[in-house]
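This report covers backbone geometry, aromatic contacts, a nonpolar core and a pocket. Please consult the sequence and coordinates below while reading.

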Amino acid sequence: MKRPIAYLAGVGKYAPPRIMKNAEFAELGLETDDAWIVQRTGIRQRHVAAPHETNRTMSAAAARIAMERAGVTPGELDVIALGTASPDRLLPSTAVDLQAELGATRAAAFDVMAACSSFLYGLIIAEGLMQSGSADTALVVGTEKLTTIVDWKDRSTCVLFGDGAGAAVLKRATGGAGILSTFMRSDGRLAELLYRPSGGASRPFDAQVLQERSFYVKMEGREVFKHAVRSMSEAADRALDGAKLTGEDIDLMIPHQANVRIIEATAKHARIPMDKVYVNVDRYGNTSSASVAIALEEALTSGRIVPGMTVLLVAFGAGFTWASLVIRF
Ligand code: ACO
């Protein structure tokens, strides 16, 4: 096990106040119901951002809380790594909007586009920049306004997703607490199992795209499910191996919150009982890049994580991408 280079000095989150319950989909004319959604996914509700709640405002709200808890001012940030699959604009990055919003004038800001794995990719990239000496203090954020990129006429996708943001400040570790091991992987051959077919440079927006609704998220749910279980299980194994630990050594696993059945299968594979797994997918749905960040904030502020605990973070997303970290608090 390596000596930690970085530790999590503070976390924050933002969830839009508007909560949408499963029953509301039927009111929109979709043939679905609460029982189907709960049984297949574990989701009971999700937060939905209002027009004025953008990734810029949501990520800034989460970041300000994380920085205050870490005792870090915007001027001290060297790096801002922001994960999102639903950027406010296609150019420039959402990270520079967050930088401007915070007044973090010294930072290098960039987006991480690894879908639901983006927050974990961001933590790993930031740790690497600290290891190379390029940064001492980093802000890592996951933020999503997914309700603007899902097709509200497609019951197989729109019931799954929600909006929100989570943030963490990384500082240079001085003791035994911090990131103990990391793992990241991707497989672009599987990109079209979960993607937005149009709206980018290969298929620019036009009248036909609008008519086809092909700028919205398309997903082969069953295939994604199988790969998610396989890849999250591999990611859990690899981060545990890297830290020379087993599932029995883990005090809490915080998985990407997409579907409670995927979470249960991953926990079973890693031999981590469900009472040591943090689940909030019932309250948030899948918030992609923000999911692990929001769950981490809740676990820390509710006392589920206390100093000395060893925590496994695991994520999987479009790409496909998957990643994991073991962190000692
Ligand atoms: N309400 C009612 N019926 C529905 C709904 C709905 N909301 N959505 C789909 N159905 C129907 C389908 O049309 C299908 O009907 P048919 O048999 O008449 O054709 C039936 O339910 C079964 O559909 P499946 O897709 O086979 O259902 P499944 O049990 O696989 O559940 C689900 C679908 C929940 C999407 C599941 O496949 C899943 O969770 N996949 C993983 C998705 C995921 O987690 N994606 C994100 C991970 S990566 C990331 O976060 C970016």
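Where is Arg 271 found? Arg 271 is in the loop between helix H9 (260-270) and helix H10 (281-284).

## Basis

This is a predicted model, in which local features need pLDDT of at least 70 and side-chain atom pairs count only at pLDDT 80 or more, while totals for chains, interfaces and linings use all residues. Residues are numbered from 1 along each chain as its sequence is written, and side-chain values use heavy atoms, with hydrogens and water left out.

## Backbone geometry

Arg 271 has a positive phi of about 60° although it is not a glycine. With a relative accessible area of 63%, Arg 271 is exposed (buried means under 20% relative accessible area, exposed over 50%, partly exposed in between, with a 1.4 Å probe and protein chains only). Arg 213, also not a glycine, has a positive phi of about 60° and is partly exposed at 25%.

Two cis peptide bonds can be described. One joins Leu 91 and Pro 92, with omega about -5°; Pro 92 lies in the loop between strand S4 (79-83) and helix H4 (94-102). Another joins Gly 319 and Phe 320, with omega about -10°, and Phe 320 is in the loop between S12 and S13. Helices (H or I, at least four residues) and strands (E, at least two) are DSSP runs, numbered from the N terminus.

## Aromatic pairs

The structure holds 4 aromatic pairs (ring centres of Phe, Tyr and Trp, the last by its six-membered ring, within 6.5 Å; planes under 30 degrees apart are stacked, over 60 edge-to-face, the rest tilted). In one of these, the rings of Phe 205 and Phe 215 have centres 5.1 Å apart and planes at 50°, so the pair is tilted. Phe 205 lies in the loop between strand S9 (194-195) and helix H7 (207-212), and Phe 215 in the loop between H7 and strand S10 (218-219), so the pair ties together parts that are 10 residues apart in sequence.

Phe 215 is buried, at 12% relative accessibility. The rings of Phe 215 and Tyr 216 have centres 4.3 Å apart and planes at 45°, so this pair is tilted. Tyr 216 is buried as well, and Phe 205, Phe 215 and Tyr 216 form one aromatic cluster.

## Nonpolar core

The largest nonpolar core has 44 residues, of which Leu 312 and Val 326 touch the most other members. Such a core is a set of buried Ala, Val, Leu, Ile, Met, Phe, Trp, Tyr and Cys residues joined through side-chain atoms within 4.5 Å. H8 gives the most to this core, with 8 residues. Domain 1 (6-175) and domain 2 (179-328) both give residues to this core, so it lies between them; the domain bounds come from an automatic or database assignment.

## Second largest pocket

About 220 Å³ of space lies in the second largest pocket. On a 1 Å grid over the protein atoms alone, a pocket is an open set of points where a 1.4 Å probe fits, with protein on both sides within 12 Å along at least five of seven lines; lining residues have an atom within 4 Å of a point.

The lining has 15 residues, and Leu 8, Ala 9, Leu 300, Pro 307 and Phe 329 lie nearest the pocket centre. Strand S1 (6-14) is one of the elements that supply at least two lining residues, and S1 gives the largest share, 5 residues.

How values were computed:
Grid points are joined across faces, edges and corners, and a volume is the space filled by probe spheres set on the points.
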